[in-house]
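Open the model in your viewer and keep the sequence at hand. The tour goes from one selection to the next.

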Amino acid sequence: MSGFKVVIPARYASTRLPGKPLLEIAGKPMIAHVCQRALEANAGQVVVATDDQRIFDTVSALGIQVVITDPNHQSGTERIAEVAVKLGWQTDDIVVNLQGDEPLIPPAYVRDVAAALAGQQQAGIATLAAKILDAEEIFNPNAVKVVLDKNGYALYFSRAPIPWNRASFPEHHVIGDETHPHYRHIGMYAYTVGFLQRYCSWPASPLESVESLEQLRILWHGEKVLVNIVEQTPEAGVDTEEDLWRVALSLGQV
């Protein structure tokens with residue numbers, strides 16, 4: 001799969017780690033590592049979307065295309081939609097949203113989500129999930145679960161342990177049940193540009209407010225989300241100082 005585009009939203013403001021995209025990991029700013037993952041995925045075009053001149057200057061010096069976007073956007077999705085308009089992309093172009101704080105994301109996952117979207121006609125958006133093999137993860141509200149239909153499209157996303165097996169929960173946790181598997185959602189998305197345009201015209205939905213899950217807006221408005229199953233959940237991104245140290249260890253540079 002080639003020819004797809006990757007947009008990396010990168011904000012300077014962060015409650016826990018101000019200037020997060022520019023923090024150094026293994027001798028390079030974090031945003032440089034994320035851009036490298038996108039390039040390793042063989043994307044046809046890699047663009048960083050930012051509202052900050054410091055990030056713009058850093059990314060430009062790396063030789064990566066960067067676009068300044070409106071600082072008032074409420075989400076990375078809105079930022080990506082603005083990039084698509086500014087760069088004149090076509091409605092059927094495929095764009096992968098790669099978060100700017102995910103320096104350890106496997107490049108294969110970037111390709112996988114783009115290829116999944118390109119391989120079907122029913123959905124304008126695709127995402128990833130992996131089987132849950134740990135009972136604690138099923139009951140962890142920070143691990144978002146997704147339930148699929150027989151064709152691999154999302155029925156619902158939730159922080160709750162879905163599906164709920166009333167014959168075994170909560171006293172007996174059945175893990176790895178092939179009849180009723182549990183999947184953890186991995187928050188990487190591929191969209192068509194046409195889908196992005198529709199999405200940005202929709203109001204927020206009650207479901208997303210209750211669960212604090214933006215992707216529920218898509219199901220609320222009657223569109224399908226294709227879910228591609230990958231082997232395992234990737235390592236978490238960077239939210240704290242401890243995460244910076246963990247990522248540096250993973251890169252073998254400490």
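Start with helix α6: F195 and Y199 are four residues apart in it, so about one helical turn separates them. Helices (H or I, at least four residues) and strands (E, at least two) are DSSP runs numbered from the N terminus. This is a predicted model, in which local features need pLDDT of at least 70 and side-chain atom pairs pLDDT 80 or more, while totals for chains, interfaces and linings use all residues. Residues are numbered from 1 along each chain, and side-chain values use heavy atoms, without hydrogens and water.

Both F195 and Y199 are buried (under 20% relative accessible area; exposed is over 50%, partly exposed in between; 1.4 Å probe, protein chains only).

Next, select Y189, Y191, F195, Y199 and W202, a cluster linked by ring pairs. Rings of Phe, Tyr and Trp (its six-membered ring) pair if their centres lie within 6.5 Å; planes under 30 degrees apart are stacked, over 60 edge-to-face, the rest tilted. The whole structure has six aromatic pairs.

Go to F139 and W164: their ring centres are 6.2 Å apart and the planes at 85°, so this pair is edge-to-face. It links distant parts of the chain, 25 residues apart. F139 is partly exposed at 30% relative accessible area, and W164 is partly exposed at 45%.

Now select R54 and Y12: R54 lies over the ring face, 3.6 Å from the ring centre (CZ of Arg or NZ of Lys within 6 Å of the centre and within 35 degrees of the normal). Likewise, K224 lies over the face of Y153, at 5.1 Å.
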